[in-house]
Amino acid sequence: MSAERQKIRAAEWLYRWNLSMSILGIVFTILTFVGVFTLVLRQYFAEFGLNEVEVLLVLLLVVLTIIFGFGFYLDKFLRFWSAQTTVATVRNQFLTSALYQKELLIMKYSQIPQMEGLLHLIEELPDSPAKTKLVEHFRDSLRKLRKTIESKEWEVAPEERTY
């Protein structure tokens, strides 16, 4: 295995480790919270006839309800994840400008040939205002794709929202 491949493998394993640790951190934080408050609140809940296991389950249900409720609120009402993605994109200029190899190959061997074939078929149709507009749109798109392939960078207009 080459040195470059070893670096890639090491980076993959570090990424997996980091992701696993963040997920485990969340799980253990929840369990710690529930465990500590079960011990602290068991006497209070004993007045309602609940034993330690039932108190633990009630607290676990409350914590999970709060976590999922808050996530639902952020997602559906505040649309937080969309804003977060936009901020991450704006702050990372390489995310929108750099062209990945996979994107380059898809454009070069899939999108451009498909668009050229569709453009050829559309040009065979009878003349109409809709045809003229569509042909111009396809030609503009092909120009932009070819320019992107040549420069290997995306050119995002200010009015184009990427996320």
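Which residue forms a salt bridge with Glu136, and how far apart are the closest N and O atoms? The partner is Arg143, with 3.5 Å between the closest N and O atoms. The legends below refer to a predicted model.

**View 1. Overview of the chain, a predicted model with six helices and zero strands.** From the N terminus on, the order of elements is α-α-α-α-α-α. The chain has 163 residues, of which 14% are buried. Its accessible surface comes to about 13300 Å², and carbon and sulfur atoms account for 66% of that surface. Among contacts with a separation of 6 or more, 52% are between residues 24 or more positions apart. The count of salt bridges is seven.

View 2. Asp140 and Arg143 belong to helix α6, which covers residues 129–151. They are three residues apart, about one turn of the helix. Their side chains meet in a salt bridge with an N to O distance of 2.1 Å. Salt bridges with shared partners join Glu136, Asp140 and Arg143 into one network. Arg143 also pairs with Glu136, at 3.5 Å between the closest N and O atoms. Glu136 has a relative accessibility of 39% and so counts as partly exposed. Asp140 is partly exposed as well, at 37%, and Arg143 is partly exposed at 48%.

View 3. The side chains of Arg42 and Glu52 form a salt bridge, 2.6 Å from N to O. This pair links distant parts of the chain, with Arg42 in helix α1 and Glu52 in helix α2 (residues 52–77). The two residues are 10 residues apart. Glu52 has a relative accessible area of 40%, which means that Glu52 is partly exposed. Arg42, at 33% relative accessibility, is also partly exposed.

**View 4. The largest nonpolar core, made up of 12 residues.** Its members include Leu99, Leu104, Met107, Ile112, Met115 and Leu119. Ile122, Val135, Phe138, Leu142, Leu145 and Ile149 also belong to this core. The elements that give two or more residues to the core are α5 (101–123) and α6. Helix α5 provides the largest share, six residues. Another core lies apart from this one and has six residues, including Ile30, Phe45, Val55 and Val63.

View 5. Neighbours within four places in sequence are left aside here. Beyond them, Leu104 is in contact with Leu99, Ile149 and Lys152.

**View 6. A nonpolar patch on the surface.** The patch is formed by Tyr15, Trp17, Leu19, Met21, Ile23, Leu24, Val27, Phe28 and Leu31. Together these residues have about 930 Å² of accessible area. Phe28, one of the patch residues, is found in helix α1, which covers residues 3–46.

Terms used:
Residues numbered from 1 in each chain as written. Predicted model: local features only at pLDDT ≥ 70, side-chain atom pairs only at ≥ 80, totals over all residues. Heavy atoms only, no water. Patch = residues over 30% accessible without salt bridge, like charges linked within 9 Å, V, L, I, M, F, W, Y side chains within 5 Å. Areas by Shrake-Rupley, 256 points an atom, 1.4 Å probe, with all protein chains shown as cover. Salt bridge = Lys/Arg side-chain N within 4 Å of Asp/Glu carboxyl O. Helix = DSSP H or I, 4+ residues; strand = E, 2+ residues; numbered from the N terminus. Buried < 20%, exposed > 50% of the residue type's maximum accessible area, 1.4 Å probe, protein only. Core = buried A, V, L, I, M, F, W, Y, C linked by side-chain atoms within 4.5 Å. Contact = heavy atoms within 4.5 Å.
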